[in-house]
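Subject: Structure for you to look at

Hello,

Please find the structure below, followed by notes on what was found in it.

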Amino acid sequence: MITPGQTMDVLITANQAPSHYYIASRAYAGVVYDNTTTTAIVQYSGKYTAPSTPSFPNLPNYTDTSVVTKFTRRLRALATKDYPVDVPQHVDTRMYITISVNTLPCDDNSCDGPNGSRVSASLNNISFVEPSIDVLQAYYKRIKHVYESDFPNEPPYYFNFTGDNLPDTLLTPEQGTKAKVLDYNSTVEIVFQGTNLQGAENHPMHLHGYSFYLVGYGFGNFNNKTDPKKFNLVDPPEVNTIGVPKSGWAAIRFRADNPGVWFMHCHLERHSSWGMDTVLIVKNGRTRLSSMRPPPRKLNPC
């Protein structure tokens with residue numbers, strides 16, 4: 001199972017009798033947007049009689065969450081001498097980030113969203129507002145009043161995030177251009193918590209500038225006492241995008257050793273354009289090699 005914007009390295013072991021074999025894939029979603037199937041055929045070299053029609057694999061149903069979950073739980077890092085892992089065992093910064101689809105009011109209820117509102121989205125109840133000057137330039141050149149560095153480590157209030165029939169009073173987020181500042185080489189844990197506001201979905205969360213370890217995930221509301229005990233801190237997969245389960249949560253860990261200004265967002269472009277984004281700013285280290293590079297002399301103006 002692979003989410004929008006996600007990449008994977010896959011090793012195919014060609015250990016079957018020489019023949020032709022199908023590779024097939026189909027969409028997975030809580031709501032079916034595309035019911036087509038993509039296929040390719042692997043052809044072995046050598047002397048053999050190819051079948052007129054290769055046998056087609058049995059694919060799970062488009063909405064079969066159980067199969068997707070079982071497959072995803074089997075993913076592991078190689079964790080060998082040649083392919084080592086470095087999962088942070090100690091965490092300096094912990095963040096608990098809710099993912100929501102929201103609404104914003106319109107004058108005279110004139111928009112096409114629910115009750116005349118317009119659709120929005122948020123992380124920790126903050127809908128990201130794109131500034132007129134990019135955050136990278138503002139941070140590097142110390143331009144004031146472009147962004148605020150107080151993105152919160154947790155949501156402003158707690159409720160049954162994955163419950164049914166959530167009240168409309170929870171729909172309106174705060175708007176702002178907020179970033180989270182991290183010390184160089186600090187270790188970070190982020191738990192993404194899906195919510196059922198405006199309906200639950202599988203959200204592919206992507207972080208620029210980093211690969212991170214998917215140490216755990218589950219369904220329902222994250223339990224800070226019991227769920228961390230089940231984290232895989234030995235050989236979790238290292239990725240740069242993870243699908244936060246529908247009506248569930250996912251936990252990642254990484255070391256902030258790449259200084260810079262990094263966008264973190266849902267890889268469903270519609271959600272990102274609605275404000276399901278934030279920015280992580282990783283400060284410079286103490287050496288030139290652990291600091292941001294200066295812009296090129298011929299950098300085109302924006």
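With which side chain does the side chain of asparagine 102 make a polar contact? The partner is the side chain of serine 122, at 2.8 Å. Please keep in mind that this is a predicted model.

**Asparagine 102**

Asparagine 102 sits in strand S3, which covers residues 93-104. Its relative accessible area is 0%, so asparagine 102 counts as buried, the cut-off being under 20%. Besides the contact with serine 122, a polar atom of the asparagine 102 side chain lies 3.1 Å from the backbone oxygen of leucine 171. Leaving aside residues up to four places away in sequence, asparagine 102 touches Arg118, Val119, Ser120, Ala121, Ser122, Asn125, Leu170, Leu171, Pro173, Leu197 and Gln198.

**The cavity**

The structure holds one cavity of 30 Å³ or more. The volume of the largest cavity is about 90 Å³. Its lining consists of 13 residues, and those nearest the centre are Thr98, Ser100, Asn125, Tyr157 and Phe159. Asn125 is also among the residues that asparagine 102 touches. Strand S3 gives the largest share of this lining, three residues. Sorted by class, the lining of the largest cavity has seven nonpolar and six polar residues, with no charged ones.

**The second largest pocket**

Of the lining residues, 20 are nonpolar, eleven are polar and four are charged. Four elements each supply at least two residues of the lining: helix H1 (65-73), strand S10 (212-219), strand S11 (238-239) and strand S12 (241-244). The largest share, four residues, comes from H1.

**Helix H1**

Which residues of H1 are buried? They are Val68, Thr69 and Thr72. Viewed down the axis of H1, these buried residues fall within an arc of 100°, and therefore they line one face of the helix. The buried residues of H1 pack against S10, and both H1 and S10 are among the elements that supply residues to the lining of the second largest pocket.

Regards

Conventions. Residues numbered from 1 in each chain as written. Predicted model: local features only at pLDDT ≥ 70, side-chain atom pairs only at ≥ 80, totals over all residues. Heavy atoms only, no water. Nonpolar A, V, L, I, M, F, W, Y, C, P; charged D, E, K, R; others polar. Buried < 20%, exposed > 50% of the residue type's maximum accessible area, 1.4 Å probe, protein only. Arc of directions from axis to C-beta. Contact = heavy atoms within 4.5 Å. Polar contact = N/O pair within 3.5 Å; in protein donor to acceptor, adjacent residues only side chain to side chain. 1 Å grid on protein atoms, 1.4 Å probe; cavity = no way out; pocket = protein on both sides within 12 Å on 5 of 7 lines; lining within 4 Å. Points joined across faces, edges and corners; volume = space filled by probe spheres on them.
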